Amino acid sequence: MSGSDVAFAFKNDLRFFGREIHPAEKPETMERPAEASPGLARPPHEGGNSTVLRFITCGSVDDGKSTLIGRLLHDTKQILEDQLAAVAQASRSRGFAAPDLSLLTDGLEAEREQGITIDVAYRYFATPRRKFIIADTPGHEQYTRNMATGASTADAAVLLADATKGLLAQGRRHLYLAHLLGIREIVVAVNKMDLVDYAERVFDAVRESFAAFAAPLRIPRLRFVPVSALAGEMVVARGARMPWYRGPTLLEILEGIEPERAARARPFRFAVQLVQRANGARRYLGRVAAGTVHAGDEVLVLPAGRRTRVAAIHTLEGARDRAQAGDSVALAFIDELDISRGDSVAHAARPPRASRALDATLVWLAGQPLAPRARYLLKHTTRTVGARVAGVAHVVDIHALEPRAGRSSLAMNDIARVALELAQPVFADAYAEERATGAFILIDAASGHTVAAGMIR
Amino acid sequence: MSPERSHLDWLESEAVFILREVAGECARPALLFSGGKDSLVLLRLAEKAFRPARFPFPLLHIDTGHNFPEVIECRDRRAAELGETLLVRSVEDSMRRGTVRLREGESRNAAQSVTLLEAIEELQLDAAIGGARRDEEKARAKERVFSFRDGFGQWDPRRQRPELWDLYNPRVGPGEHVRVFPISNWTELDVWQYIAREKLELPSIYYAHRRAVVRRNGLLAPVTGLTPPRAGEAVEELWVRFRTVGDVSCTCPVASRAATSAEIVAETAAARVTERGATRMDDQTSEASMERRKREGYF
């Protein structure tokens, strides 16, 4: 797609904003659309049950991704006047008639000058129920690398599908990558329903084609919502055009996802970040990666292989009875043990595997290709060990989504199944079961650059 | 049902994890501390990460010499209360050395980059922890938590490392360093909610007070000894507060009667203009002015 096509697509994508908002003329009168719920213009309340949801948006400009993000930010009252005025000014200087809201997310001068996109932009909005962090991965270039980066920290993925086009190769790729990166909650937003007369049968057909493709992936939760980001139907407000749809709006789906509850139920995992001597006793600082730990619990310390009990769980506010996935704490044990940064503490009966050889899926991120047999550094939890790629079993053809054998090197955006040999063991789980202890990165020891992301099988 | 963590607990826990990763991976870090609200939040987070031990890094202030006295008082008091080492490196020293040369009337704000890089070299820092947030400005939206800077202190968008999961990579070569932003994922509102929750003491100028100002380019410019009114400008005394605090010559207050952090939370939730848009003259200079300064080594 040429540069002018991109600009044209953006403008098409922003019909709503082009028609309704003219910050150049009257920046102070940006109205809420009538259908937006005024109750949503509120921050999460401290002391309430609000928490954080991270999600990634996947889709090309043609799918209306900018409009959807614009709609979410706009209808939850996150776009402020000076931002709109800046977008209007930038749009005018580029000769666009209407404000191009994609300029909110594609902000870097270096990108514009060089026509490149730099992986992920993060956007924030909040409702009374929770705070949201959007990982927005723009553009087609380097899509695999960028989407892997954005998806790695996401609890959920919103996949844009164009109701007028249905399931395309790109949609299959997004679904595959979101699943590969271990996202358990995937929402397909079937967009541009305004262009198909809000017809239920069109939505049903798109849904059926996605569901058929997704069936063998066994995605834990795959949901569909018909939307018109342009008209604001079923994104934040329900609107009036799709009475046949009785499910939740996109925002309601996002507000209802509860990743933390599942993480707490899994076996306890804790990687030691630092060791501290305080008041004559040792404390081990770190964040609970998975599960829940209580004072008094028996735990297994690795690589020592020693069992001990948790004597206390400390925070600045004092000792507490338990810590759960996501909590940064300091643990003390009843035994004096030789534990250092990079060691692991785990559920005594359901420990991770100690491995010096890994079967993993690798996403190659660097411009510099994989050098077979070269030595890399592998960072897994807080542990960094020497590693080399012993063999490439296959490389996934991202267009056909099929494995192809016969390659020994990897280039940027390649996804491959590889065998790795490690200089010391790591204490790992399968990524599909536990992301925090199943993920690693490869670092080029000479340049210090992060060259690959890995998921243990 | 187990109790949910609030969004502030989530943000706090993430920031504590990041600070501990810096301590675990970097040989010579420092925490940039100005006495402003974001850096006061960083100090509380460092307490959460490391107390009862001392911080594993000194505090470092890059001082333009054009300060609000309330902020410097708060900076010194807080460092003393915590018993932590505070290093101050001054833009005026850089001017004396001749490494900073300013045009007549030019703000010293951007010159902080030079002094900061000199301090990083002098102290041989491999990590500088700062309070920048991704919501502040669009050039920051793509910023990493661990942001790589080359031997000239420059931020090159193409050399930034992919940052996946919470597997941060702070590895640097000689002369290179990383900037680390533990509150990347916080918004202005989160910061104010955290200040209210943690009952953090801020310099008094963050709260409503009467101040002599002039109206300039749609902003309220404070009238001080350093920043007298220009010809034809009418001085007014208004109720104002500062949303950000930087160099006196380029930081503007907003009209407000909010006298407590709770009132500021309410006002921020209803705000119609971003923090920097309302308060920083230097950010308005060009569409990409923040990005340019960042590439030259700014915070």
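A residue is counted as buried if 20 or more other C-beta atoms lie within 10 Å of its own. By this criterion, buried residues make up 56% of the 299 residues in chain B. The structure described here is a predicted model, with an ipTM of 0.90 and a pTM of 0.89. For chain B the mean pLDDT is 88, and 89% of the residues reach 70 or more. Over residues 283-287 of chain B, however, the pLDDT is below 50, and this stretch has 6 contacts in the model beyond near neighbours in sequence. Where pLDDT is low, the predicted coordinates should not be read in detail.

Chain B contains 9 helices and 10 strands. Of the contacts in chain B between residues at least 6 apart in sequence, 75% join residues at least 24 apart. Strand 2 (residues 59-63) and strand 3 (residues 86-90) of chain B run parallel and are joined by 5 bridges. Within this pairing, H61(B) has V88(B) of strand 3 as its bridge partner. Together with helix 3 (residues 69-82) of chain B, strands 2 and 3 of chain B make a right-handed β-α-β unit.

A further arrangement in chain B is an open sheet of 4 strands in the order 8-7-9-10, with antiparallel pairing. Strand 8 (219-222) and strand 10 (254-255) of chain B are the edge strands, each pairing on one side only. The pairing of strand 10 with strand 9 (residues 236-241) of chain B is antiparallel and extends over 2 bridges. Here V240(B) stands opposite A255(B) of strand 10.

The largest nonpolar core has 193 residues, and those with the most contacts inside it are A157(A), L159(A) and A189(A). Helix 1 (residues 7-25) of chain B gives the most to this core, with 10 residues. A second, separate core has 6 residues, among them V213(B), A221(B), V240(B) and C252(B).

The buried residues of helix 7 include Y143(A), R145(A), N146(A) and M147(A). Helix 3 (residues 65-75) of chain A is also mostly covered, with 11 of its 11 residues buried. Among the buried residues of helix 3 in chain A are K65(A), L68(A), R71(A) and D75(A). Just after helix 3 of chain A, K77(A) takes a positive phi of about 65 degrees.

Burial is also found in a loop of chain A. T382(A) lies between strand 18 (375-380) and strand 19 (383-397) of chain A. T382(A) counts as buried because 26 C-beta neighbours lie inside 10 Å, against a cut-off of 20 or more. Leaving aside neighbours within four places in sequence, T382(A) is in contact with A271(A), V272(A), Q273(A), R341(A) and G342(A), and with G24(B) of chain B. The C-alpha atoms of T382(A) and R350(A), which are 32 residues apart along the chain, are separated by 20 Å.

Definitions and conventions: Residues numbered from 1 in each chain as written. Chains lettered and ligands numbered in written order. Predicted model: local features only at pLDDT ≥ 70, side-chain atom pairs only at ≥ 80, totals over all residues. Buried ≥ 20, exposed ≤ 12 C-beta atoms within 10 Å, placed from the backbone. Contact = placed C-beta atoms within 7 Å. Core = buried A, V, L, I, M, F, W, Y, C linked by C-beta atoms within 7 Å. pLDDT = per-residue confidence, 0-100. Pairing = 2+ DSSP bridges. Right-handed = clockwise from strand over helix to strand, strands pointing away.
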